Amino acid sequence: MYSNNPFSQKINAVGRFILIFIFLISSISINGVYVNNVSDLSGAFGTYTEYISFANYMGTLGICIGMSIIIRLKKRFKSKIIIITSTSSLAIISYIIANTNQIEILIIGSLLIGFFKILVMGEMVFPLMAALAPTGDKGKFYSLLYIVVLGLGQVTAYFFSSLVFNGTWQSPYLFMSGVMMILTLLTFLTTHNYRFSFKFPLYQIDYWSYLLLIIGYTALNLALTFMKQQYWFHSPIIRYSFVVAFCSIFGFLYLHKSKKRKTIDYLSIFKNPDIVHGTILLFFLGLLIGISSLLTQYTGAILGYNNLTNAQLNLWMVPGAVIAGIGCLIAFKFQCHIKYLVWFGFGVFFLENISIYFIIQAQMDTDTLRIPIFFRGLGTSILYTSIWYYSFKKIGPDQLFSALSIMIVVRNFLSPAVASTILSWLSFQIQSQSQTDMSVYIDLGQNYLPGQSIIQSKESLMSMLKIIAGILCWLTIPIFIFISNYHYGRLSSYNFLSKIYRKRKKYKLFNN
């Protein structure tokens, strides 16, 4: 008889839970690009950092494709076959990336790693949910899950940074390749041989839709990632990439509309207002998180921190994520209105940006920077938990993976890429204006001191970071208004527009 748990019933419950946790941690940790080591990869491959970012975002496309097809593969193959194929493929791909100097191999490898890692995670998440929340309490599950995901992400980032710092850029790939081979051996020994259901024919998969989706995503990734490097829309490559992305996505939606068996039912997903609202909130969240890359630029250029020190600083996200998870557990237990959680999450990001605005200076230490990083972990965990819970609490199993795939693309690619593009343009404009203002003193006949150009560069960088932090603080105001005017499943007494409409006679508004 089939068990939702992929591991054999001969292993006791504690052993199965430990195995699930090991497989989940390993599949979350492996990536095509380890973000904290982007500069090391760029130097090793002898290319621009935009190519590394492009490869990193291609991993999100692999996750999207894998998530949309995971149920069909589960109906066709045994869990043992899926896990063995995925872990062995991940081991081989990681080893190939560690022994290449071609950026194309890194891009394709990142795409394949994203696809195979989500297949392993999909086999582990459902039994983990049954173990952590046996009553089906999604609020409890998401609260605990994001403690693990966010906390583990920062711990592994620090571990991989230390491997690179004490070794070479290949060290994380070789290490994860060995881990995946061990998991392949464990799968042979511990998983059962039962099927999920009848064999599902693979010819019913809409391969043309996937091809159009890959082309459109890749073109959009190219346009957003290389906009600054190619001088924005002056480059024909950027213009043509946007055209190809638009035509491919339009063709995907048009072709998908007439299909009898829909692979990714995006059209019905966008009819769900809760999912649309959650997607917009994730986009706002990505804009606010975008300042973290500028903060890393500041710590490297001004304070002289290396990647290992930055990864050590980011460990302060872990206590924030833990406190947020405990707070969300308490809030769900007492049935707190989800709007308050979303409000509080974006309010924490306001505190992060305003703290960055006030503490930035030329001489700082790591103790001061812990405050905004703690706020970032706290706010990220609260918003991930609350947005995921609200968006999926009423959705059926048929739409679950399609909705997950599109929201993950927004969270991991579209929002960070757009935020990076906007903030890159802002930082360039602000630093240029700042250096122009400071050069006035030289034009007025002031003595030009040795190293003054370096001082100007540092001053302009700090000025840029302060101004962008202030802009993001102001951005939270329309976000709060947007949150306040959505019902979140019930009519809220704090809905400002609805209160005005109900009292329109008193205010003499909206009357014919």
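In helix α8, the buried residues are S209, Y210, L213, G216, Y217, A219, L220, N221, A223, L224 and T225. This helix covers residues 207-225, and its 19 residues should span 27 Å at 1.5 Å a residue; the end C-alpha atoms lie 27 Å apart, so expectation and model agree. The model discussed here is predicted.

Looking at the protein as a whole, 21 helices and zero strands are found. Of its 512 residues, 51% are buried. The accessible surface amounts to about 24,600 Å², and carbon and sulfur atoms account for 66% of that area. The contacts reach well along the chain: among those between residues at least 6 apart in sequence, 80% join residues at least 24 apart.

In soluble globular proteins, nonpolar side chains tend to be buried together. The surroundings of L106 can be spelled out: with residues up to four places away in sequence set aside, L106 touches G32, V33, F45, I52, A55, I97 and Y173.

Two further buried positions are worth a visit. S86 sits in helix α4 (residues 79-98), and it counts as buried because its relative accessible area is 1%. Beyond its neighbours within four places in sequence, S86 is in contact with F116, L119 and V120. K117 is 31 residues from S86 in sequence, yet the two C-alpha atoms are 6.9 Å apart in space.

At the surface, the picture includes a nonpolar patch formed by V14, F17, I18 and I22, which together have about 340 Å² of accessible area. I22 lies in helix α1 (residues 13-29). Because its relative accessibility is 35%, I22 is classed as partly exposed, a class that falls between the limits of 20% for buried and 50% for exposed.

Terms used:
Residues are numbered from 1 along each chain as its sequence is written. This is a predicted model: local features need pLDDT of at least 70, side-chain atom pairs count only at pLDDT 80 or more; totals for chains, interfaces and linings use all residues. Side-chain values use heavy atoms; hydrogens and water are left out. Patches are made of residues with over 30% relative accessible area and no salt bridge: like charges are joined within 9 Å, nonpolar side chains (Val, Leu, Ile, Met, Phe, Trp, Tyr) within 5 Å. Accessible areas come from the Shrake-Rupley method with a 1.4 Å probe; for residues, only the protein chains shown count as cover. A salt bridge is a side-chain nitrogen of Lys or Arg within 4 Å of a carboxyl oxygen of Asp or Glu. Helices (H or I, at least four residues) and strands (E, at least two) are DSSP runs, numbered from the N terminus. Buried means under 20% relative accessible area, exposed over 50%, partly exposed in between (1.4 Å probe, protein chains only). Contact means heavy atoms within 4.5 Å. The expected span of a helix is 1.5 Å times one less than its number of residues.
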